[in-house]
Amino acid sequence: RLACKGRDGRVPELRFRIVKAGIPFGVDPGPHQPLPELSVPPAPLLGPEVDGEDFGSQPFHEQERILLEDVLSCLLGVEGTYIRKVGSTSRATPAINGAPPPKSLPEARFEVEPPPGADASTVQFLRQLLPLCEHHAAVEAFVAQQGQHEYGAVNHALCAAMRELLKEWSGKVGRLEHALRAGGLSLAKLWYHAQPSIDTFALLRRVAAHVYGRTGGAVLNGIEEVMVRS
């Protein structure tokens, strides 16, 4: 959550920081739930490519593994084979002095393009994870843009806090990839681990979209507006 000091007016200084609201980003597969111990080296995460026409002939667990590889990549902003970016706004650099900034935060949209024969319930699980992919991509776009030096100290502090959460998320996805290599990850387990993070990234995306192009006190006011409505 975003914590504010001095909102009661008794403290003149108003400061915001991103903190964990009593729980971690999500239910972490470690250290409280350690990943399986490996007695042999794990198999490569990326196996041989499966032609779309042959996908339906694969056993269910193999279909699930292939699609898990795709969605884990997309959770870090990288397109997969069957989950693609189908639209994105311009990433033009906003100008602080001179031309006005863009009206909206650059965002990407993801869609599942299931191969013939893919299990319908598996595809539905993937679609439930797409908002998290989109939230993550939007927050990354905000940090890359507003973290530049011309946006000032307030944006630098906000982007630094967001970078910490992005770094934490990257580490969590890495552990999930390790679990997939070890045969200990299913789409149902991934959905369970991802649900708390969907809410976190949705809030960050709302903040990023609301304060995009702003500087200084306008950023603080924008954060406050989002938190009052949340």
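Reader: What pattern does the protein follow, read along the sequence?

Author: The order of elements is β-β-α-α-β-β-α-α-α-α, which comprises six helices and four strands. Helices (H or I, at least four residues) and strands (E, at least two) are DSSP runs, numbered from the N terminus. The model is predicted: local features need pLDDT of at least 70, side-chain atom pairs count only at pLDDT 80 or more, and totals for chains, interfaces and linings use all residues. Residues are numbered from 1 along each chain as its sequence is written, and side-chain values use heavy atoms, with hydrogens and water left out.

Reader: Why does Phe-110 count as buried?

Author: Buried means under 20% relative accessible area, exposed over 50%, and partly exposed in between (1.4 Å probe, protein chains only). Phe-110 has 2% relative accessibility, and therefore counts as buried. Phe-110 is found in strand S4. Buried residues make up 40% of the 230 residues in the protein.

Reader: Which residues does Phe-110 touch, not counting residues up to four places away in sequence?

Author: Contact means heavy atoms within 4.5 Å. With that exclusion, Phe-110 touches Cys-74, Ile-83, Arg-84, Lys-85, Leu-130, Cys-133, Glu-134 and Ala-137. In the protein, 66% of the contacts with a separation of 6 or more are accounted for by residues 24 or more positions apart.

Reader: Why are H2 and H3 called roughly parallel?

Author: Angles under 35 degrees count as roughly parallel, over 145 as roughly antiparallel, 65 to 115 as roughly perpendicular and the rest as oblique. The axes of helix H2 (residues 60-74) and H3 cross at roughly 10° and come within 11 Å; H2 and H3 are therefore roughly parallel to each other. Axes here are lines fitted to C-alpha atoms, for helices over the stretch in contact, and angles run from 0 to 180 degrees between N-to-C directions.

Reader: Which residues in H2 and H3 meet?

Author: Phe-60, Leu-67, Val-71 and Cys-74 in H2 meet Thr-122, Leu-126, Leu-129 and Cys-133 in H3. The residues of this contact divide into seven nonpolar, one polar and no charged. Ala, Val, Leu, Ile, Met, Phe, Trp, Tyr, Cys and Pro count as nonpolar, Asp, Glu, Lys and Arg as charged, and the others, Gly among them, as polar.

Reader: What makes Asp-119 partly exposed?

Author: The relative accessibility of Asp-119 is 27%, so Asp-119 counts as partly exposed. Asp-119 lies in the loop between strand S4 (108-112) and helix H3 (120-146). Not counting residues up to four places away in sequence, Asp-119 touches Phe-60 and Gln-63.

Reader: Why are H5 and H6 oblique to each other?

Author: Helix H5 (residues 187-211) and helix H6 (residues 217-229) pack at an angle of about 140°, with their axes 9 Å apart. H5 and H6 are therefore oblique to each other. The residues of their contact divide into seven nonpolar, two polar and three charged.

Reader: Where is Arg-214, and why does Arg-214 count as partly exposed?

Author: Arg-214 is in the loop between H5 and H6. At 26% relative accessibility, Arg-214 therefore counts as partly exposed. Among the residues that Arg-214 touches, not counting residues up to four places away in sequence, are Gln-146, Tyr-151 and Asn-155.
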